[in-house]
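Trainee: I would like to learn how to read helix packing and sheet layout from a model. Could we work through one case?

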Amino acid sequence: MKIIVCIKQVPDTKGGVKFNPDGTLDRGAMLAIMNPDDKAGLEAALRLKDQYGAEVTVLTMGLPKAADVLREAIAMGADKGILVTDRVLGGADTWATSTTIAGAIRNLDYDLIITGRQAIDGDTAQVGPQIAEHLGLPVISYAQDIKVDGNKVTVQRQYDDRYHVLEAQMPCLITALSELNEPRYMTPGGIFDACKAEITTWGRADLKDVDDSNLGLAGSPTKIAKASDKVRKGAGEKVVPDSPEDAVEYIVGKLKEKHVI
């Protein structure tokens, strides 16, 4: 079994967020981490590797420093890392990003593609399903449990306060929730291997069956009208009740006023 896991290096919001003049994130100026949903997807792939001896390839699109999350994935147990990076790919929205990643994946053999549900820097949950659409694959999103039996994958798909059980024949694409599992830590041996590992780097010329008009900022139909690093909130209403009973009565009254209860 060959599994591709799409991961993303995202800003560590604890370190602050910075923007370029055009409203896009200044990724080069921020601390970065592996996107949590993607890390859960990676862990799911590594568990399938443990169970079936699968080959796990991690793929990311980003600045050259995004190779750091590929090495982290290798230190966790992934076999190969591929970085897609090129100046013409910068500023991509979900459409241009999914077009790029699909163009890279067309170079690879795979049975299963796993992505995170969404990235914490965008929260769109669009890239995974769009990749599947570009590649003509069935997609199961919001996975909270994954099982593989032969050429069939069975997924619990989160839905409100319950879940759907869906099956698909491989090849297919699954988007993973961070609640899917508890990702493993890097091992000392894995870190040593990751430091020695050769990261494959691809650019625009390595993408298959993509048009320049669908790449980068110029190929992104989504335009940012305004961007800010923090939404400022008002001080709110401050109330000093005379007793716990008065506090409860006030809170219940506000909940009724807002039609919460």
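This is a predicted model: local features need pLDDT of at least 70, side-chain atom pairs count only at pLDDT 80 or more; totals for chains, interfaces and linings use all residues.

Trainee: What is the order of the strands in the open sheet?

Mentor: Helices (H or I, at least four residues) and strands (E, at least two) are DSSP runs, numbered from the N terminus. Two strands pair if DSSP finds at least two bridges between them. Here nine strands form an open sheet in the order β9-β8-β7-β10-β6-β1-β4-β5-β11, and the pairing is mixed. β9 (162-169) and β11 (200-202) are the edge strands, each pairing on one side only. From one strand to the next the twist averages 30°.

Trainee: Which strands pair with β6 in the parallel sense?

Mentor: β1 and β6 run parallel and are joined by four bridges; Val 5 has Ile 114 of β6 as its bridge partner. β6 also pairs with β10 in the parallel sense, over five bridges, and there Gly 116 stands opposite Ala 176 of β10. For an antiparallel case, take β7 (residues 139-149) and β8 (residues 152-159), which pair over six bridges. Ala 143 stands opposite Arg 157 in β8.

Trainee: Are the residues on the two faces of β6 buried or exposed?

Mentor: Buried means under 20% relative accessible area, exposed over 50%, and partly exposed in between, with a 1.4 Å probe and protein chains only. On one side of β6, Leu 112, Ile 114 and Gly 116 are buried, and on the other, Ile 113 and Thr 115 are buried. Five of the five residues of β6 are buried, so β6 is largely enclosed by the rest of the structure.

Trainee: At what angle do α3 and α4 pack?

Mentor: Two packed helices are described by the angle between their axes and the distance between the axes. Axes are lines fitted to C-alpha atoms, for helices over the stretch in contact, and angles run from 0 to 180 degrees between N-to-C directions. Helix α3 (residues 94-105) and helix α4 (residues 127-135) pack at about 50°, with their axes 8 Å apart. Angles under 35 degrees count as roughly parallel, over 145 as roughly antiparallel, 65 to 115 as roughly perpendicular and the rest as oblique. α3 and α4 are therefore oblique to each other. Contact means heavy atoms within 4.5 Å. Among the residues making this contact are Trp 95 and Ile 101 of α3 and Ile 131 and Leu 135 of α4.

Trainee: What covers the buried residues of α4?

Mentor: The buried residues of α4 are Gly 128, Gln 130, Ile 131, Ala 132 and Leu 135, and their cover includes β1, α3, β6, β7 and β10. After α4 comes Gly 136, whose phi is positive, near 70°.

Trainee: How do the axes of α1 and α2 cross?

Mentor: The axes of helix α1 (residues 36-52) and α2 come within 11 Å and cross at roughly 35°. Lys 39, Leu 42 and Leu 46 of α1 make the contact with Glu 72, Ala 73 and Met 76 of α2.

Notes. Residues are numbered from 1 along each chain as its sequence is written. Side-chain values use heavy atoms; hydrogens and water are left out.
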